[in-house]
Amino acid sequence: VSITTRTTATAPDDNPVEVMRFGFLEIRYNREVLRPRPWTVAQSEWAADLLGRLPAGPVLELCAGVGHIGMLAVADRPRDLVLVDADPVACAFASHNAGAAGLGARVQLRCGPVEEVIDPAERFALVIADPPWVPSDETDRHSDDPTLAIDGGEDGLEVARLCLAVAAAHLVDGGSLLMQLGDSDQASVIVAGVGSAPDLRLEQAGMRAYDGGVVLHLVRAVTP
Ligand SMILES: C[S@@+](CC[C@H](N)C(=O)[O-])C[C@H]1O[C@@H](n2cnc3c(N)ncnc32)[C@H](O)[C@@H]1O
């Protein structure tokens with residue numbers, strides 16, 4: 001696993017390590033990071049399905065946490081994967097998890113804010129984004145979850161908008177963005193923003209609702 005850090009790396013050993021099966025992967029994490037949510041296997045499966053027909057190119061996962069969603073998406077696909085997260089503990093677990101899954105040679109880790117760690121020239125066929133989406137004044141309802149993992153700012157969509165901007169800047173023509181959000185109302189706000197910013201060259205291709213959240217599918221139009 002190649003690792004780039006903008007923040008000090010932290011060994012993930014201050015809290016007991018927990019292990020979870022996510023699809024066919026064994027994922028390690030601890031209580032300093034968001035516990036992997038079983039429903040998000042569906043986001044990985046949707047991503048893997050898209051990867052069978054998307055243009056050539058690697059996969060980028062923004063707000064990857066311990067890396068399980070992106071890793072399950074590419075495990076059976078011949079694609080490289082770049083994982084981005086600002087939390088050094090999440091990055092340390094993602095590094096371990098990629099190695100344990102046998103994906104070390106195909107996974108790069110960028111530990112830092114989404115808007116700072118992607119080179120302007122990099123292009124991706126698929127961007128997976130799992131930003132925090134809880135409005136700041138509601139985070140105290142989720143006291144067991146780390147604030148960085150759930151706090152989406154005033155309307156819950158501040159990091160989602162950053163992810164959208166990164167995806168718009170780095171998707172190939174014909175590429176896809178699969179973004180996790182809290183509910184269809186949040187998805188509608190993002191879709192309306194995309195509709196009023198034609199320079200992003202993104203349009204909605206679908207949305208699926210699950211117990212626990214929604215996944216919005218946006219596509220980058222192919223230049224005629
Ligand atoms: C909702 S959690 C998702 C984690 C994992 N993908 C999952 O589904 O379990 C959001 C993640 O985004 C990271 N994060 C929050 N703000 C960020 C930012 N500006 N840049 C990069 N990562 C960020 C947090 O550290 C956290 O791991």
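Predicted model: local features only at pLDDT ≥ 70, side-chain atom pairs only at ≥ 80, totals over all residues.
Residues are numbered from 1 along each chain as its sequence is written. Local features need pLDDT of at least 70 and side-chain atom pairs count only at pLDDT 80 or more, while totals for chains, interfaces and linings use all residues; side-chain values use heavy atoms, with hydrogens and water left out.

The ligand is surrounded by 19 residues, where a residue is near if one of its heavy atoms lies within 4 Å. Arg37, Cys63, Asp85, Asp130 and Ala149 are the closest. By class, this shell holds 11 nonpolar, three polar and five charged residues, with Cys and Ala counted as nonpolar and Asp and Arg as charged. Helix 2 (68-74) and helix 4 (147-150) each contribute at least two shell residues; helices are DSSP runs (H or I) of at least four residues, and strands (E) of at least two, numbered from the N terminus.

Turning to individual atoms, the side chain of Asp85 places an N or O atom 2.6 Å from an oxygen atom of the ligand. A nitrogen atom of the ligand lies 2.8 Å from a side-chain N or O atom of Asp130, and a backbone N or O atom of Val114 is 3.0 Å from a ligand nitrogen atom. The protein covers 94% of the 600 Å² of accessible area that the ligand has on its own (Shrake-Rupley method, 1.4 Å probe).

Ser176 belongs to strand 8 (residues 171-181). Ser176 counts as buried because its relative accessibility is 2%, the cut-off being under 20% with a 1.4 Å probe and protein chains only.

Methods: Polar contact = N/O pair within 3.5 Å; in protein donor to acceptor, adjacent residues only side chain to side chain. Buried < 20%, exposed > 50% of the residue type's maximum accessible area, 1.4 Å probe, protein only.
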